[in-house]
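Please open the model in your viewer and keep the sequence panel beside it. The tour below moves from one selection to the next and says what is found at each stop.

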Amino acid sequence: GENVAITELARLMGIKANEIVKKLFEMGVMANINQSIDAETAQLLGAEYDIEVVVKVVTEDDLIPKYEDKPEDLKPRPPIVTVMGHVDHGKTSLLDKIRRTKIAEKEAGGITQHIGAYEVDLPQGKLVFLDTPGHEAFTTLRARGAQVTDIVILVVAADDGVMPQTKEAIDHSKAAGVPIVVAINKIDKPNANPEHVKSQLAELGIIPEEWGGSHQFQEVSAKTGQGIDELLERVLLEAEMLELKANPKRPAECVVIEAKLDKHRGAVATVIVQNGTLKKGDVFVVGAQYGKVRSMFNFIGRTVKEAGPSIPVELMGFSEVPEAGEKLIVLPNEKLAKQIADMRKEKKREKEMLEKSKVSLTDIFSKI
Ligand code: GTP
Ligand code: MG
């Protein structure tokens with residue numbers, strides 16, 4: 001059960017701790033001032049003083065400050081767009097083409113440290129893109145994409161048509177309730193058959209607007225650049241309907257997109273800010289660790305001091321490598337961050353112990 005520290009109980013009851021120890025002794029409970037007693041004993045003790053003791057487990061939810069966003073603080077934020085599709089259908093090429101034609105600024109210092117996330121500034125506004133690796137697309141996205149993506153660009157090669165991972169991407173987007181914009185790619189190829197792709201997708205419920213459906217389709221070529229402006233316009237149109245907003249004034253809430261152990265820099269992670277503004281020096285908790293933002297880099301590897309809603313940044317300041325998909329929450333001080341990290345560690349430990357005891361039980365049974 002849950003335990004209560006005698007000193008804490010004494011403070012709450014307004015009775016000296018010595019006095020409580022004495023009373024416990026009278027009740028037949030041997031305890032010293034630095035110990036804890038269980039909830040039931042605490043209740044019995046309370047009854048001796050006509051005080052009702054209610055033991056409540058403090059969860060991290062009780063500790064993490066809640067912010068009520070004032071309507072006037074909610075500002076439009078850029079849409080986060082994830083590119084998904086079957087292996088080799090041209091997801092990365094499409095993003096490269098968008099990057100090369102739309103990003104004026106070049107990567108810093110020749111060292112390519114860019115993250116799998118790009119910001120693209122258009123006259124109509126900013127877009128944030130996330131690439132997904134081919135084979136891993138489905139599993140990795142389940143962990144990290146679903147929580148962060150506003151719109152999916154489904155890339156289908158016009159010469160190959162709908163393939164298993166195309167279907168997976170559709171299922172995944174549907175499950176997450178994320179709108180899909182279809183990019184029929186490789187339209188430059190002589191054997192491209194976009195009409196065939198449309199009918200294949202229609203069978204799966206992804207019906208083009210021109211056929212009376214609700215999905216936007218765009219024929220593109222990542223090779224020639226054909227149709228890319230139109231694709232971006234369609235994505236912006238889709239984004240407009242979502243009316244995406246966030247409060248840049250509040251402490252940041254982020255999601256880890258990817259993380260690794262860098263030989264020189266230690267644990268680094270790419271996070272995307274979902275709400276609030278992440279600042280250098282911010283104290284945070286992620287998984288069962290707490291840390292402090294030591295340095296931050298934008299998508300082209302430049303140092304930044306802060307990052308607002310939807311913005312991807314690479315961070316340093318972890319004690320261990322966080323996991324993709326984990327939430328990173330900024331807290332008002334280190335003490336609280338440590339407290340929450342400790343609670344999570346304890347929970348993790350308890351869970352592991354439980355798992356272990358389960359294993360040993362099965363072992364026992366299997367031996368009988
Ligand atoms: P994974 O990340 O492995 O899933 O692949 P991907 O979807 O990112 O495909 P990628 O961009 O790596 O392209 C695969 C191949 O298709 C490359 O050889 C590209 O050059 C080629 N390709 C991509 N887009 C086009 C296109 O529009 N036209 C032509 N002709 N080739 C393309
Ligand atoms: Mg790729």
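Which residue in β7 does Thr82 stand opposite? Select both strands to see it: Thr82 stands opposite Val152 in β7. Before going on, note that this is a predicted model, in which local features need pLDDT of at least 70 and side-chain atom pairs count only at pLDDT 80 or more, while totals for chains, interfaces and linings use all residues. Residues are numbered from 1 along each chain as its sequence is written, chains are lettered from A and ligands numbered from 1 in the order in which they are written, and side-chain values use heavy atoms, with hydrogens and water left out.

**The whole chain**

Show the protein as a cartoon, in which 10 helices and 19 strands can be traced; helices (H or I, at least four residues) and strands (E, at least two) are DSSP runs, numbered from the N terminus. Of the 368 residues, 46% count as buried, where buried means under 20% relative accessible area, exposed over 50%, and partly exposed in between, with a 1.4 Å probe and protein chains only. Among contacts between residues at least 6 apart in sequence, 71% join residues at least 24 apart, a contact being heavy atoms within 4.5 Å.

**The six-stranded sheet**

Next, select the open sheet whose six strands follow the order β5-β6-β4-β7-β8-β9 with mixed pairing; two strands pair if DSSP finds at least two bridges between them. At its edges are β5 (117-122) and β9 (216-219), each of which pairs on one side only. Neighbouring strands are turned by 25 degrees against each other on average, direction ignored; axes are lines fitted to C-alpha atoms, for helices over the stretch in contact, and angles run from 0 to 180 degrees between N-to-C directions.

Zoom in on β4, where six of its six residues are buried. Ile80, Thr82 and Met84 point one way from this strand, whereas Val81, Val83 and Gly85 point the other way. In a regular strand the side chains alternate between the two faces of the sheet. Strand β4 (residues 80-85) pairs with strand β6 (residues 125-130) in the parallel sense over three bridges, and in β6 the bridge partner of Ile80 is Val128, while that of Thr82 is Leu130. Five bridges join β4 to β7, and these two strands also run parallel.

**The seven-stranded sheet**

Move on to another open sheet, which has seven strands in the order β15-β14-β19-β11-β12-β18-β16 and antiparallel pairing. Its edge strands are β15 (289-292) and β16 (295-297), and the twist averages 35 degrees from one strand to the next. Within this sheet, select strand β11 (residues 253-262) and strand β19 (residues 327-331), which run antiparallel and are joined by three bridges; in β19, the bridge partner of Glu253 is Ile329.

**Two residues with positive phi**

Select Glu243, in the loop between α9 and β10 (245-246), which has a positive phi of about 45 degrees although it is not a glycine. At 60% relative accessibility, Glu243 counts as exposed. Then select Ser310, in the loop between β17 (306-307) and β18 (312-316), where phi is positive at about 80 degrees although Ser310 is not a glycine. Ser310 is buried, with a relative accessible area of 0%.

**The pockets**

Finish with a surface view. A pocket here is an open set of points on a 1 Å grid over the protein atoms alone, where a 1.4 Å probe fits and with protein on both sides within 12 Å along at least five of seven lines; lining residues have an atom within 4 Å of a point. The largest pocket holds about 470 Å³ of space, and of the 18 residues that line it, the closest to its centre are Asn3, Val4, Glu8, Val55 and Lys56. Helix α1 gives the most to this lining, with four residues.

The second largest pocket has a volume of about 390 Å³, a volume being the space filled by probe spheres set on the grid points, which are joined across faces, edges and corners. Helix α10 (residues 334-367) gives the most to its lining, with seven residues, and the lining residues of this pocket include Glu2, Val57, Gln339 and Arg344.
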